[in-house]
Amino acid sequence: MKRTLLALLVITTLCVSFACERRGGGTNGAGAGPIVVGYYGDLSGRTSSFGQSTKNGVEMAADEINKAGGIDGRTIQIITEDDQGEPNKAATVVTKLINQDKVVALLGEVASSNSLAAAPKAQAAKVPMISPSSTNPAVTQVGDYIFRVCFIDPFQGEVMAKFSANNLKAKRAAILYDFNSDYSRGLYQFFKRSFTGFGGQIVSEQSYTQGDRDFSGQLTAIRSANPEVIYVPGYYGEVGVIANQTKQLGIKAPLLGGDGWDAPQLWQLGGASLNGDYISNHYSVDDPSPAIKKFVADYKGRYNIPPDALAALGYDSMKVLGDAIKRAGTTENSKLRDAIGQTKNFPGVTGQISIDQDRNAVKPAVVLKLQDGKFVYETTIAPEGAAAPATSSTAPASGAAPGSVVPQ
Amino acid sequence: MDTFVQQLINGLNIGAIYALIALGYTMVYGILRLINFAHGDVYMVGAFAGFYIALTFALTGPSFLSLAVVLLGAMLIAAIVGMVIERFAYRPVRKYSRMTTLIMAIGVSLLIENLFVARIGAAPRAFPDFLGSQSQPPIHLFGNAAISKAQIVIFLVSVALMLLLQWIVYKTKVGTAMRAVSFNLNSAKLMGINTDAIISLTFAIGSALAAAGGVLTAQYNPNIDPLMGILTGLKAFVAAVLGGIGNIPGAVLGGLLIGAAETFVVGYGQHIGIASTYRDAVAFAILILVLLLRPSGLLGSTVQEKV
């Protein structure tokens, strides 16, 4: 009810500002009315924490732009669609946003599998799409209208491999990954390649599928291989349970993960069993930089919870889009596409964002340690000078066949 | 060796849960010749009943007493849900063909799932940890083999419930009545047995056992969601068929075998080229083999007392 009221309030404000603006700027030929942007995400399915956080970030960024006078006098209007975390529904709602709502650009999705299902629709209609947080390389390979403001899996896998080898001094790693998730398979492959590159050994590779409830079989097999670290590049719903069962089997090796762990529900499911584990992520709430402090404070003031990485990326995706529309001076699709592609050193809350020629963001990752319900900042790992071309040349291998394992 | 023993413990642990659910399938089939497809959802309702009881009375662990309260409360609520389903969905169509009742069961199952998704969403919830298994190390047996508190509790409580059921069915008056109804419903009625009440009671007992399964499994795997009953329910159904549907010891045996088979596929399948993702396929491959080779199941026979 509160949300409906809030939505009504936002719509009324938008209508009022729209009416005022029309009266004032009637001669402005650059287009009238609000700039309509579509957001799609999982608001009611298994990964709804992701969709909700991202939506919060997107809406907060849009409101900030509107409060500052909009873009060339025009306000941003966000139209939200729920895809329930299912790829086929993601494709359907994106088609609706493009055809019925006539959005000028799309923001979404979090999960790579959903972005991959929706991106071809956006590409075919020539509507620029910015994924806030899909890290699988294949997403932006769909076409020249698809962008992202986060780093990609090769880098994220590499970060954890580097952290295990250099900081944890691990030589033996086991992997437990989600067999049906493009995201999890991507991280698994790139971690494996990078970790063996550092002279480490993968002692056990096990898999599960989303929705599984019992992991004791895989974990027992992993335990018998005696690893020093266990890489679990999954989503929070399963990871919380995996952490729980890991401790019930008496396994002491820490679990390592990626940004898919970042959700408040992780702690409800895993509790104390998560202590001592590590993840790679896009940013840290503890970061002392003034820009992040202000963002965290504003977000807490608005939603009463600290922003997770997905909220920060949602916020950045909207800000990058706003910046591109402003620079393009129009919402015409090919010009907007070029403007997004030319984004250089944009000061986002998740770091300096530059879009490379593969339409991916080049930026550092942080490693966080899990301790008593908190993600504690551990270290920052920056992309190496050679990292960008190396990842772009390896990307097609994983992107071309999301259904098959490509060990390299 | 310790790995083998550990996988056996893991397998029997899930198997015990399948067995508890399979008992409900087999009892209802024994009495009504009905595959109650909503039974997996009763298991889910049981888990959520436990979750909301814990939430309402602010019960948190670690505490055996809290677990007992949640367990009994969830069993009671699920028993009522089971009786309501029987009274308002199955009883009115019982006089029609068996196909009508079967389709009704599928309808009830989908209704419960979608009501829950619509009311509370499909996102997983975290069941409270009453045994402290998140922070306490497991109990070591030998080598690497270990057993956690949650696993011990699951074993003990399921065995106790199965023995209790055996006692009810074979040593009490209602048990005798249940067996009579399963043998021949009309003759039982002629003997003065209130068959409607007995059928209702059968649903209540079966549902309570499923709810116990739901709460116990949540101690080992705290992730509960409205669709958790679909796959688990189907596997428990396979377990009931494997053991011989309508046969109580058969349901227990079937549950333990399916649980062990699934875990061994995950644990050792890799060595012979079967990925751990085949775990679910194995249960259904077993179903097909049983139907082809021994349709009456391992312990079932054509003329035997059912229930």
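## Basis of the model

Because the model is predicted, local features need pLDDT of at least 70 and side-chain atom pairs count only at pLDDT 80 or more, whereas totals for chains, interfaces and linings use all residues. Residues are numbered from 1 along each chain as its sequence is written, while chains are lettered from A and ligands numbered from 1 in the order in which they are written.

## Chain A overall

The secondary structure of chain A comes to 13 helices and 15 strands, where helices (H or I, at least four residues) and strands (E, at least two) are DSSP runs numbered from the N terminus. Of its 408 residues, 57% count as buried; a residue is buried if 20 or more other C-beta atoms, placed from the backbone, lie within 10 Å of its own, exposed if 12 or fewer, and partly exposed in between. Two residues are in contact if their C-beta atoms, placed from the backbone, lie within 7 Å, and among contacts in chain A between residues at least 6 apart in sequence, 68% join residues at least 24 apart.

Helix H3 of chain A covers residues 87-99, and its 13 residues should span 18 Å at 1.5 Å a residue, which agrees with the 18 Å between its end C-alpha atoms; the expected span is 1.5 Å times one less than the number of residues. The buried residues of H3(A) are Ala90(A), Ala91(A), Val93(A), Val94(A), Leu97(A) and Ile98(A), and they pack against strands E1 (35-41), E2 (76-82) and E3 (105-107) and helix H4 (112-125) of chain A.

Helix H11 of chain A (residues 309-328) reaches 28 Å from its first C-alpha to its last, close to the 28 Å expected for its 20 residues. H11(A) is mostly covered, with 16 of its 20 residues buried, and just after this helix Gly329(A) takes a positive phi of about 70 degrees.

In chain A, the axes of helix H5 (residues 153-167) and helix H6 (residues 182-197) come within 7 Å and cross at roughly 45 degrees, the axes being lines fitted to C-alpha atoms over the stretch in contact, with angles running from 0 to 180 degrees between N-to-C directions. H5(A) and H6(A) are therefore oblique to each other, since angles under 35 degrees count as roughly parallel, over 145 as roughly antiparallel, 65 to 115 as roughly perpendicular and the rest as oblique. By class, the contact of H5(A) with H6(A) has eight nonpolar, five polar and three charged residues; Ala, Val, Leu, Ile, Met, Phe, Trp, Tyr, Cys and Pro count as nonpolar, Asp, Glu, Lys and Arg as charged, and the others, Gly among them, as polar.

In chain B, helix H3 (residues 64-90) and helix H8 (residues 195-220) pack at an angle of about 140 degrees, with their axes 7 Å apart, and that makes H3(B) oblique to H8(B). The residues of this contact of H3(B) with H8(B) divide into 17 nonpolar, five polar and two charged.

## The contact between the chains

The contact takes 33 residues from chain A and 30 residues from chain B. On the side of chain A that touches chain B, the largest share, seven residues, comes from H7(A), and the residues of that side divide into seven nonpolar, 21 polar and five charged.

Thr277(B) is found in the loop between helix H10 (248-268) and helix H11 (279-293) of chain B, and counts as partly exposed with 18 C-beta neighbours inside 10 Å. Not counting residues up to four places away in sequence, Thr277(B) touches Phe179(A), Ser207(A) and Thr209(A).

## Backbone features in loops of chain A

The peptide bond from Gly108(A) to Glu109(A) is cis, with omega near -10 degrees, and Glu109(A) has its place in the loop between E3 and H4 of chain A.

Lys102(A), in the loop between H3 and E3 of chain A, has a phi near 50 degrees, a positive value in a residue other than glycine, and is exposed, with 11 other C-beta atoms within 10 Å. Asn226(A), which lies in the loop between H7 and strand E8 (229-231) of chain A, has a positive phi near 55 degrees and is partly exposed, with 13 other C-beta atoms within 10 Å.
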